[in-house]
Amino acid sequence: MNKTIRRASVFCLLMVLALLVRATWVQGYEAKALADDEHNRRNTIARYAQPLGDIIVAGSPVTGSKGTTGGDLRYKRTYTRGELYAAVTGYSSQAYGATQLEGIHSDVLDGTDDRLKNPKDLVTGGQAKPGNVLTTIDPGVQKAAYEALGDDKGAAVAIDPKTGRILGMVSTPSYDPSKISGTTDGDAWQRLLDDPDKPLVNRALRQPLAPGSTFKLVVAAAGLENGLYGSVDERTDSPDPYTLPGTSTVLRNENASAPCENATLRTALQYSCNNVFAKAAADLGQDKVKEMADAFGFDTEKLDVPVRAAQSVYPTGMDKAQTALTGIGQFEVTATPLQMAMVTSALANGGELAAPHMVASVTDGDGTVLEETEDGDTKRVVQERTAEQLRSAMVTVVEKGTGTNARIAGAEVGGKTGTAQNGVDNSNTPYAWFTSYAKDDSSGKEVAVAVIVEDSGSARSEVSGNGLAAPIAQKMMKAALER
């Protein structure tokens, strides 16, 4: 063999060896990554090769599937009262992927989860019968929240304080996931993207905003826990009006005639006195207020219910004047409705916060439980006495303070209103907040709720937590106690 042929043969052999090594690498090490790649069409074909499993509310599916004609995707997702449950289910779209429970539990719902497969399926790679996701949502509470919010832009969350079960979660304006579940829904999808009210955003979980005076509950808890005050009925040292430390800026109260000078915490919550809580935050210092906020769940990076909630934030690196402003839920404090419901839930539950969750269990197609969320997984946030004191003050707010629209005959109801500034120099319509709890001693049922109304179309002068948000919370709490 001449030299040229020998060199060519060696080169060809090396090329073949390189191809074999590459093929082995792809099949042995990159196979899973390629199979899971979002651009792999086979995954979409497999997902919609059979009817999907269902998301269940109170024993009834709120999802379904129907056959398609033409194309390689045999079924597509359908929804029962899609707008009512969109904040819970999310969407499953042949073109745009899946979100929320549809996305998190996609492997169970489409039958590709290995836990669903029998030995034959595991050997052959066959697709198993899909499983189901059983939620904690109560349809009565969900409906009450959705109908009460109506055309308002806002959100609401209801939690069972003892168990942490999320009984209702609504975000408005909502959308019907059925209208974007196929491959030819581009116009509907674009309308949702272009809508300035952002209906695809789950405001209950994913849009933290200034909590306004509802945050005063956190500051009051910090004051009691750190010994700044002995009780909610001890008079404070709170000048009215209050000048922010180190500045000439005077902080006034919304109600100029309210008895806020040196008011007790009970009176300060009843009339929502800014001077009391701004001074309390400044006296405590940002570290102690942050410690209390974080105990309630603020600044948690991974709060999964199981959908991940956006982080609610208590800021750091502030001067004393800025710390004082955080005492009234302003400056750079932000919270989701879920977070404020968690605050009230912990107080309602004797100072223990039960981990919030909206999935009770995940099952296979025959009902065998694959995974289950434990109810009542709690952590101590404040002492029981602190929680009892604050509940008592919150009842005063509802009975004869700024939260009278939340009253329910025959039930113990406590709450806190909030009106949060929005925009530079409060140039936009303020946010109306209300967070509350209700207990029915005769039945033992209880619930904690948080509501935000971002925009109701009302004039600025008509925006208040009691006027806009408290009636929504009242309807949700009443539905929860009657369930």
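**Entry 1: burial, and a lysine**

I count a residue as buried when its relative accessible area is under 20%, as exposed when over 50%, and as partly exposed in between. I am working on a predicted model. By that cut-off K279 is buried, because its relative accessibility is 14%. Its salt-bridge partner is D283, and the closest N and O atoms of the two are 2.8 Å apart. D283 is partly exposed, with a relative accessible area of 41%. I found both residues in helix α13 (residues 274-284), 4 residues apart, which means about one helical turn lies between them.

**Entry 2: further salt bridges**

I looked at the one between D110 and R47, where the closest N and O atoms are 3.3 Å apart. D110 belongs to helix α6 (residues 106-110) and R47 to helix α3 (residues 41-47), so this pair ties together parts that are 63 residues apart in sequence. Are the two partners buried or exposed? D110 is buried at a relative accessible area of 6%, and R47 is buried too, at 9%.

Next I took D233 and R266, which form a salt bridge with closest N and O atoms 2.7 Å apart. D233 sits in the loop between α11 (216-225) and β10 (242-243), and R266 in helix α12 (residues 265-271), so parts 33 residues apart in sequence are tied together. Here R266 is buried, with a relative accessible area of 19%, whereas D233 is partly exposed at 45%.

**Entry 3: the whole chain**

I stepped back to the overall picture. The chain has 18 helices and 20 strands. Its C-alpha trace spans about 105 × 55 × 40 Å along the principal axes. Of the 483 residues, 51% are buried. I also checked contacts with a separation of 6 or more, and residues 24 or more positions apart account for 68% of them.

I noted the division into domain 1 (45-134) and domain 2 (210-359 + 375-480). Over C-alpha atoms, the centres of domain 1 and domain 2 are 40 Å apart. Domain 1 brings 7 residues to the contact and domain 2 brings 4 residues. About 450 Å² is buried between domain 1 and domain 2, with 81% of that area from carbon and sulfur atoms. Which residues of domain 1 lose the most area to domain 2? They are L101, I104 and L134, which together give 60% of what that side buries.

On the side of domain 1 that touches domain 2, α5 (100-104) and β7 (132-135) each supply at least two residues. α5 gives the most to that side, with 3 residues. I sorted the residues of this side into 5 nonpolar, 2 polar and no charged.

R385 lies in helix α17 (residues 384-400) and is partly exposed, with a relative accessible area of 48%. Leaving aside neighbours within four places in sequence, I find R385 in contact with G230 and S231. R6 lies in helix α1 (residues 3-28) and is partly exposed at 42%. From R6 to Q94 I get 55 Å, C-alpha to C-alpha, for 88 residues of sequence separation.

Note on methods. Residues numbered from 1 in each chain as written. Predicted model: local features only at pLDDT ≥ 70, side-chain atom pairs only at ≥ 80, totals over all residues. Heavy atoms only, no water. Domains from an automatic or database assignment. Contact = heavy atoms within 4.5 Å. Buried area = accessible area lost by both parts, 1.4 Å probe. Nonpolar A, V, L, I, M, F, W, Y, C, P; charged D, E, K, R; others polar. Buried < 20%, exposed > 50% of the residue type's maximum accessible area, 1.4 Å probe, protein only. Salt bridge = Lys/Arg side-chain N within 4 Å of Asp/Glu carboxyl O.
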